[in-house]
Number of protein chains: 2
Amino acid sequence: MTSISIIGSGKMGAAIAEVASRAGADIQILKRSATSTSAARPGFEYGVIGDELTGDLVVFAVPSGAYPSILEHYRDRLGGRVVIDISNPIDFSTYDALTSPPDSSTAAELARALPEGASVVKAFNVNLGDTLTSGTNGTTRTTVLFAGDYADAKTAVASLIEAAGMRAVDVGPLTRARELEAMGFLQIIMAALGKTRYESGFTLLE
Amino acid sequence: MTSISIIGSGKMGAAIAEVASRAGADIQILKRSATSTSAARPGFEYGVIGDELTGDLVVFAVPSGAYPSILEHYRDRLGGRVVIDISNPIDFSTYDALTSPPDSSTAAELARALPEGASVVKAFNVNLGDTLTSGTNGTTRTTVLFAGDYADAKTAVASLIEAAGMRAVDVGPLTRARELEAMGFLQIIMAALGKTRYESGFTLLE
């Protein structure tokens, strides 16, 4: 199976680590500091941000506002890798708007900031973390929507999702990240308002 | 129950007429021309665009490109009414973008074009027509997402949806129509690509 580096150790990073673990991937988790010790777990390797990346897939599992600091460390080391943007760039002071450019997306902006040969895939942002950890939304297996411009990168992401027992749905080119971010925003509002549970959310029925 | 005028006689207009019929509403359907005869049906009244509106709720069930011509007829007669915008303003020449302003929505633009006292509610645009006609997405009862700025107008729309046996979910102020339009766009692409059926689509799980 594949290898994955997850930058960030919040709830979504942990959820994607569980996905990767179910898929049998080699997992590297890079945290902001090494102060918190992590129990040894087969297939898991821990490090701090700045360490060499060992994964073919690299997940930015930090708020999009922290992307510039991640790029300071890693921009020039991301050529040839698949970069997975899972962000929901919401203005959390108002919960009333996205912080991404209205005619673009955080994913497209990230792609522009990366070197030639890095392939950005938008994925997992329309999944509440619990639905990734469990692989189900309570009704059926979890569906993961993703978008990107590079077929090989999308195949790698879809393979990870499917190997983890979930349904992978390609929604199109990276321009569709604008719509995925709009939908992720709506989902987070709906969960915050109690109109869906954090264990369920939106799904695309078959 | 309430009364509803549906402007347009396409697939979505017919689906919303079925919803209104299940809800026990008095239904007026306004077509572009009277050439096609419609069989008499209890609770249904037919007319042509330009006729007086009899509904408290008014549905624009024409492509958003035709809104200007509808407004020529009705703009000054919409004060005090609830105007329901169901549009998915997709550029159908490319299927690659919305035609609404990126930082706004067709619903918000419509609200700006209407006189004082008209209340726009965005609704039904994230429902494929068949899920409205049947009241189910094949898995559970159909959920209808809606957004708007006026509580009375939203209550009227929610009552119609619920009286028709469906679940009504208020997603917030009319600014959320931007996100609803993004989601409706994504759903239409997914249906066109066969990634969901026209009888199902997206749903918000409970």
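Me: How much area do chain A and chain B bury between them?
Reply: In this predicted model, chain A and chain B bury about 2,900 Å² between them, and 66% of that area lies on carbon and sulfur atoms.

Me: And how many residues of each chain are in contact?
Reply: There are 35 residues of chain A in contact with 35 residues of chain B.

Me: Which elements does chain A use on the side that touches chain B?
Reply: Strand S8 (167-172), helix H6 (177-192) and strand S9 (202-204) of chain A are the elements that give two or more residues to that side, and H6(A) gives the most, with 9 residues.

Me: What's that side made of, by class?
Reply: The side of chain A that touches chain B has 18 nonpolar residues, along with 7 polar and 10 charged ones.

Me: Speaking of charges, how many salt bridges are there between the chains?
Reply: The count between chain A and chain B is 2 salt bridges, and one of them joins the side chains of Arg176(B) and Asp96(A), at 2.8 Å from N to O.

Me: Back to S9(A), which strand of chain B does it pair with, and in which sense?
Reply: S9(A) pairs with strand S9 of chain B, residues 202-204, in the antiparallel sense and over 3 bridges.

Me: So which residue stands opposite Phe202(A)?
Reply: Leu204(B), which belongs to S9(B), stands opposite Phe202(A).

Terms used. Residues are numbered from 1 along each chain as its sequence is written. Chains are lettered from A and ligands numbered from 1 in the order in which they are written. This is a predicted model: local features need pLDDT of at least 70, side-chain atom pairs count only at pLDDT 80 or more; totals for chains, interfaces and linings use all residues. Side-chain values use heavy atoms; hydrogens and water are left out. Contact means heavy atoms within 4.5 Å. Buried area is the accessible area (1.4 Å probe) that two parts lose on being put together, summed over both. A salt bridge is a side-chain nitrogen of Lys or Arg within 4 Å of a carboxyl oxygen of Asp or Glu. Helices (H or I, at least four residues) and strands (E, at least two) are DSSP runs, numbered from the N terminus. Ala, Val, Leu, Ile, Met, Phe, Trp, Tyr, Cys and Pro count as nonpolar, Asp, Glu, Lys and Arg as charged, and the others, Gly among them, as polar. Two strands pair if DSSP finds at least two bridges between them.
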